[in-house]
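I have opened my notebook beside the viewer. These are my entries, in the order in which I looked things up.

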Amino acid sequence: MSRSPLGELEVELTRLMRRARSAQQRTAAEVHPDLDSAGYAVLIAVRDLSASGGGARGGEVSEVLGLHKSTTSRNLTTLEDLGLVERIPDPDDARARQVRLTPQGAEALDRSVLGRRARLRAQLQAWEAADIAALARLLRKLNDSGT
């Protein structure tokens, strides 16, 4: 049975997401053997949100990832227990706390990102640079469309 272009796209996106979940779990384990893929996503969000030098509020992490605050809180506690993040005072609210990567967390995350990029580079080594750029452009377009 032949599929429509939309049907083919759906099949290939499903395959991609399944492979991405598996790859994310492997990458998470590179950061810390007890880290799961959900915790890895929270760790990335903390890194991105605190890139300006401060920390990130738990509510911001929840919002970026579309998670309930209690889920984010549990993940942050796990990350703290693993020594990957630390809680710091919120400079705008003395009663609140922010989280940021520990030096150990930043180093482990950097190592995992380098490994992930090396695997991607190896996977795409036979591709033309123009094809890689086209794929990136089309994925950005898909991601920006809000689907």
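**Entry 1: the parts list.** I began with the secondary structure and found six helices and two strands in the chain. Helices (H or I, at least four residues) and strands (E, at least two) are DSSP runs, numbered from the N terminus. Read along the sequence, the pattern is α-α-α-α-β-β-α-α. I noted for myself that this is a predicted model, in which local features need pLDDT of at least 70 and side-chain atom pairs count only at pLDDT 80 or more, while totals for chains, interfaces and linings use all residues. Residues are numbered from 1 along each chain as its sequence is written, and side-chain values use heavy atoms, with hydrogens and water left out.

**Entry 2: the whole chain.** The C-alpha trace spans about 60 × 30 × 25 Å along its principal axes. Of the 147 residues, 25% count as buried; buried means under 20% relative accessible area, exposed over 50%, and partly exposed in between, with a 1.4 Å probe and protein chains only. I also looked up contacts, which means heavy atoms within 4.5 Å. Among the contacts with a separation of 6 or more, 44% come from residues 24 or more positions apart.

**Entry 3: α1 and α2.** Next I turned to helix packing. Two packed helices are described by the angle between their axes and the distance between the axes. Helix α1 covers residues 5–31 and helix α2 residues 37–49; they pack at an angle of about 70°, with axes 8 Å apart. Axes here are lines fitted to C-alpha atoms, for helices over the stretch in contact, and angles run from 0 to 180 degrees between N-to-C directions. That angle makes α1 roughly perpendicular to α2. I wrote down the scale too: under 35 degrees is roughly parallel, over 145 roughly antiparallel, 65 to 115 roughly perpendicular, and the rest oblique. On the α1 side I listed Q24, Q25, T27, A28 and V31, and on the α2 side S37, Y40, A41 and L43. By class, this contact has five nonpolar, four polar and no charged residues. Ala, Val, Leu, Ile, Met, Phe, Trp, Tyr, Cys and Pro count as nonpolar, Asp, Glu, Lys and Arg as charged, and the others, Gly among them, as polar.

**Entry 4: α2 and α5.** The axes of α2 and α5 come within 12 Å and cross at roughly 110°. That makes α2 roughly perpendicular to α5. Y40, L43, I44 and R47 of α2 meet L109, S112, V113 and R116 of α5. I sorted the residues of this contact into five nonpolar, one polar and two charged.

**Entry 5: L109.** I stayed with L109, whose place is in helix α5, residues 103–123. Is L109 buried or exposed? L109 is buried, as its relative accessible area is 0%. Beyond its neighbours within four places in sequence, L109 is in contact with V31, Y40, L43, I44, R47 and L101. I also checked T27: L109 and T27 are 82 residues apart in sequence, yet 9.0 Å apart in space, C-alpha to C-alpha.

**Entry 6: α3 and α4.** Helix α3 spans residues 58–65 and helix α4 residues 69–81; their axes come within 9 Å and cross at roughly 115°. α3 and α4 are therefore roughly perpendicular to each other. In this contact, G58, G59, V61 and S62 of α3 meet K69, T72 and L76 of α4. The contact divides into two nonpolar, four polar and one charged residue.

**Entry 7: two more residues.** E63 is found in helix α3. E63 counts as exposed because its relative accessibility is 69%. E63 and V113 are 50 residues apart in sequence and 23 Å apart in space, C-alpha to C-alpha. S50 is in the loop between α2 and α3. At 11% relative accessibility, S50 counts as buried. Leaving aside neighbours within four places in sequence, S50 is in contact with G55 and A56.

**Entry 8: the strands.** I finished with β1 (residues 85–90) and β2 (residues 93–101), which pair in the antiparallel sense over six bridges. Strands pair if DSSP finds at least two bridges between them. How many residues lie between β1 and β2 in their hairpin? I counted two residues between them. The bridge partner of D90 is D93 in β2.
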